[in-house]
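Here is a short report on a ligand site and a salt bridge. Look over the sequence and structure first.

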Amino acid sequence: MNKSPIIALDFHSAEAAFTFLKPFEQSANVKVGMQLYYKEGPAIIAKLKEKGYGVFLDLKLHDIPNTVKSAMEVLAGFGVDLVNVHATGGKTMMEAALEGLDKGTGAGLRRPSIIGVTQLTSTDDRQVREEQLIGVSLAESALHYAKLTQDAGLDGVVCSVLEASAITQACGQEFFKVTPGIRLADDAKNDQIRIATPEEARRAGSTHIVVGRSITAAKNPYEAYELITSQWEGLN
Ligand code: C5P
């Protein structure tokens with residue numbers, strides 16, 4: 001997957017997603033999450049790939065290793081570019097996910113990249129302490145899971161921009177830091193708490209940014225995409 005911003009296709013139907021995508025170059029990257037995938041199934045992935053989009057299939061798998069391995073074998077067959085699992089499923093589960101992807105990738109094709117979700121960006125310190133009974137801070141827990149993800153052989157993590165530089169220090173620059181919660185300076189935060197601009201993400205060491213409403217809810221989505229891309233690339 002190239003480094004262009006990944007547009008979160010948080011739409012209720014394939015029709016709405018493709019209507020939105022009309023002005024976009026077909027080389028753009030998109031993220032299909034649970035809502036759209038559960039509604040439209042593998043057909044929407046096939047159609048996006050056929051049109052040339054880079055596809056991040058954001059299903060956040062978390063189950064016993066054998067089940068995750070079999071599921072990943074299926075997802076690899078879709079020809080997607082990026083998939084993910086919850087790192088809290090453990091190292092053996094993540095290794096199994098990787099095995100499944102390798103097995104499901106056709107001869108001569110490139111295996112999809114795979115990243116781990118460390119702590120969800122909706123999780124806060126209180127939940128880590130009182131619900132998960134973890135005796136360290138959220139930031140330390142996220143960093144620990146990033147290292148575990150790397151030990152399991154995965155390509156990177158989903159994290160907030162605020163965690164990106166510590167994870168770069170621990171896991172290196174090449175390790176993917178895919179960061180949502182991106183907003184232009186004068187955009188609404190909506191329900192995101194820990195947000196950053198595309199430029200802040202670049203400076204913090206994010207390798208990819210995921211952008212939803214700053215593009216999809218903009219008056220002119222294509223203009224917003226171009227502005228975000230130029231800030232992300234450091235062109236203005
Ligand atoms: O509209 P917005 O830019 O906030 O959308 C961000 C996208 O990234 C959504 O699809 C959301 O589900 C996803 N995401 C996130 N935080 C994570 C993982 C995924 O916001 N930790």
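## Basis

This is a predicted model: local features need pLDDT of at least 70, side-chain atom pairs count only at pLDDT 80 or more, and totals for chains, interfaces and linings use all residues. Residues are numbered from 1 along each chain as its sequence is written, and side-chain values use heavy atoms, with hydrogens and water left out.

## Ligand shell

## Contacts and burial

A side-chain N or O atom of R213 lies 2.7 Å from a ligand oxygen. For G212, a polar backbone atom is 2.8 Å from a ligand oxygen. For R183, a polar side-chain atom is 2.9 Å from one. The ligand alone exposes 470 Å², and the protein buries 84% of that. Areas come from the Shrake-Rupley method with a 1.4 Å probe.

## A charged pair

Side chains of opposite charge can pair when their charged atoms come close. The whole structure holds 13 salt bridges (a Lys or Arg side-chain nitrogen within 4 Å of an Asp or Glu carboxyl oxygen). K31 forms one with D58; their closest N and O atoms are 2.7 Å apart. The pair links distant parts of the chain, 27 residues apart: K31 in strand β2 (residues 29–32) and D58 in strand β3 (residues 54–61). Strands are DSSP runs (E, at least two residues), numbered from the N terminus.

Note on methods. Polar contact = N/O pair within 3.5 Å; in protein donor to acceptor, adjacent residues only side chain to side chain. Helix = DSSP H or I, 4+ residues; strand = E, 2+ residues; numbered from the N terminus.
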